[in-house]
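Please look at the sequence and structure below before reading on.

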Amino acid sequence: MTRTVFCRKYQERLEGLDRPPFPGTKGQDIYDNVSRKAWQEWLQHQTLLINEKHLNVMDPKARAFLDEQRDRFLNNENVEQAEGYTPPSEENDQ
């Protein structure tokens, strides 16, 4: 049986993660309150931010920025966007 959580981003019951994404209270909070769908969307957005803003994830300031953006993303607040990114159009996919 699939584990479900009440997702704080989507405000509905959805499939949860298999395990906390990282150790500690933040990881446990995400495990308990964020759906797999929302987490996967965050990972995609995080990748865009890292690539487009040329972030070094070893830099404590960059990690703090990503932590803040993750919390805002998962709480449906405004987040930074990758300025240079243009999503592929459906017409190009055909």
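K9 lies over the face of F73, at 4.2 Å from the ring centre. K9 also lies over the face of Y10, at 5.9 Å from the ring centre. Here a charge sits over a ring if NZ of Lys or CZ of Arg is within 6 Å of the ring centre and within 35 degrees of the ring normal.

This is a predicted model: local features need pLDDT of at least 70, side-chain atom pairs count only at pLDDT 80 or more, and totals for chains, interfaces and linings use all residues. Residues are numbered from 1 along each chain as its sequence is written, and side-chain values use heavy atoms, with hydrogens and water left out.

The protein has 4 helices and 2 strands. Along the sequence the pattern is β-β-α-α-α-α. Helices (H or I, at least four residues) and strands (E, at least two) are DSSP runs, numbered from the N terminus. Strand β1 (residues 4-7) and β2 run antiparallel, joined by 4 bridges. Two strands pair if DSSP finds at least two bridges between them. F6 stands opposite R13 in β2. The hairpin of β1 and β2 has 4 residues between the strands, and Q11 takes a positive phi near 55° there.

The aromatic pairs come next. A search of the whole structure finds 2 of them. Rings of Phe, Tyr and Trp (its six-membered ring) pair if their centres lie within 6.5 Å; planes under 30 degrees apart count as stacked, over 60 as edge-to-face and the rest as tilted. F22 and W39 form a tilted pair, 6.3 Å centre to centre with 55° between the planes. F22 is in the loop between β2 (12-15) and α1 (25-33), W39 is in helix α2 (residues 36-52), and the two are 17 residues apart. W39 counts as buried because its relative accessibility is 9%, whereas F22 is partly exposed at 26%. Buried means under 20% relative accessible area, exposed over 50%, and partly exposed in between (1.4 Å probe, protein chains only).

W42 and F73 form a tilted pair, with ring centres 5.6 Å apart and planes at 50°. W42 lies in helix α2 and F73 in helix α3 (residues 60-74), so this pair ties together parts 31 residues apart in sequence. W42 is buried, with a relative accessible area of 1%. F73 is buried too, at 12% relative accessibility. Of the 94 residues of the protein, 24% count as buried.

Now the charge pairs. A salt bridge is a side-chain nitrogen of Lys or Arg within 4 Å of a carboxyl oxygen of Asp or Glu. By this rule the count comes to 8 salt bridges.

| Salt bridge | Closest N to O |
|---|---|
| R36 and D18 | 2.8 Å |

Which parts of the chain does the R36 and E15 pair link? R36 is in helix α2 and E15 in strand β2, 21 residues apart. R36 is partly exposed, with a relative accessible area of 25%. E15 is partly exposed at 38%. D18 is exposed, at 58%.

K53 is in the loop between α2 and α3, E80 in the loop between α3 and α4 (90-93), and they are 27 residues apart. K53 is partly exposed at 23% relative accessible area, and E80 is partly exposed at 35%. Salt bridges that share partners also join K26, D67, R70 and D71 into one network.
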